[in-house]
Amino acid sequence: MRKLRLLLFPFAGVYYAITLTRNKLFNAGILSSKKYDLPVICIGNLSVGGTGKSPMTEYVIRLLQAHKRVATLSRGYGRTTKGYRDVLPTSLATEVGDEPLQFAQKFDAIQVAVCEDRQAGISRLLGKENIPEVILLDDAYQHRKVTPGFSILLTAYGDLYSNDYLLPAGNLREPRSGASRADVVVVTKCPSQLSKVEQENIIRQLKTTAGQEVFFTKIAYDDCVYGANGNVQLHSLKVHNVTLVTGIANPEPLVNYLTSDGLSFNHKSYGDHHNFSASEIVELEKLDCILTTEKDYVRLRPLLTMRHLYYLPIKVAFLNHSENFDRRITHFINAYNVK
């Protein structure tokens, strides 16, 4: 498939010219971008999906929520609605998107909102009685109409943006030069034992600019799976006929983890943010036990009545220097507040 996509390389040249020109117009101030009088942190990537933005957003939420009023603002990808919406734990994924709903159900101390126009979304958040002190922009790296104070750029191990091409020949949404806007670069989904030599080699490949710091993270899986009736140990699912149901960009790390853990399962894979049809739900209801991802769970739970429906949570775990990452975030916020 990748070789076939390379046949589209001439079209990538057109896309390159358009996106490069757009970025230069924003950089030169010809196209306007708005700054705000509070810390705005952008979490995004150069590629289309699969880098782990949601776990990183959750990491930053956990870092800040005890000390700051935090709000997250997402586009709400996959929702059937438009415009600004506050996301409540009782919202439906079809109304607000699966990832924002996941944040709202998981963190009761933060505000969660969706709006495809990030300027309009921030204006609505700042008009609330309980004004947020920090706004996290989820998947807004290419949304240049807002100038974040701090940008976290994610790239997946084994699929680095430095080795990729622009759409449609590759998966990049903008040229690699766009990485220069980031304050930190995080290489996600790394193997647990990634040597210092290989880390240094990756840093050279990324060709970071002065002041940019590169961090390496892995996926940390929970020991338990969770459902409407509570949680059970992952290994206890071995008594069931398990079907793994995924609607994410890259299910391979999860499949590999479950296989290495000795779980036997069938796998039904759907596209990222898949909206399940009525006929698909009928077929899924016939299964003995479904294991899925957390963001798929928030879409499936209102649709399925089956008892054995579980999700496996994941978190970001830094291979090293997590304190440096935390310090960069908190220093930015503290410095911003004394301007």
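1. Accessible areas here come from the Shrake-Rupley method with a 1.4 Å probe, and for residues only the protein chains shown count as cover. On that basis the accessible surface of the chain comes to about 16600 Å², and carbon and sulfur atoms hold 52% of this area.

2. A word on the model before we walk through it. It is a predicted model, in which local features need pLDDT of at least 70 and side-chain atom pairs count only at pLDDT 80 or more, while totals for chains, interfaces and linings use all residues. Residues are numbered from 1 along each chain as its sequence is written, and side-chain values use heavy atoms, with hydrogens and water left out.

3. Now the overall build. The chain has 11 helices and 15 strands; helices (H or I, at least four residues) and strands (E, at least two) are DSSP runs, numbered from the N terminus. The radius of gyration is 20 Å, close to the 20 Å that the globule rule gives for 339 residues, so the chain is as compact as a globular protein of that length. Here the radius is taken over C-alpha atoms, and the rule is 2.2 Å times the number of residues to the power 0.38. Along the principal axes, the C-alpha atoms fill a box of roughly 60 × 50 × 40 Å.

4. How much of the chain is buried? Of the 339 residues, 47% are buried, where buried means under 20% relative accessible area, exposed over 50%, and partly exposed in between (1.4 Å probe, protein chains only). Taking contacts (heavy atoms within 4.5 Å) between residues at least 6 apart in sequence, 73% join residues at least 24 apart.

5. Which strands pair with β4? Two strands count as paired if DSSP finds at least two bridges between them. Strand β2 (residues 70–74) runs parallel to β4 and is joined to it by four bridges, with Thr72 standing opposite Val112. Strand β3 (residues 85–86) runs antiparallel to β4, with two bridges, and there Asp86 has Ala113 as its bridge partner.

6. The loop between β6 (150–156) and β7 (184–188) holds Tyr161. Is Tyr161 buried or exposed? Tyr161 counts as buried because its relative accessibility is 4%. Leaving aside neighbours within four places in sequence, its contacts include Leu46, Leu153, Val185 and Leu206. Leu172 is another of the contacts of Tyr161; these two residues are 11 apart along the chain, with their C-alpha atoms separated by 7.1 Å.

7. Some backbone details deserve a second look. Most residues other than glycine have a negative phi, and most peptide bonds are trans. A cis peptide bond joins Leu167 and Pro168, with omega about 0°, and Pro168 lies in the loop between β6 and β7.

8. Lys207, in the loop between α7 (196–206) and β8 (213–221), has a phi near 50° and counts as exposed at 69% relative accessibility. His273, in the loop between β12 (265–269) and α9 (278–285), has a phi near 60° and counts as buried at 10% relative accessibility.
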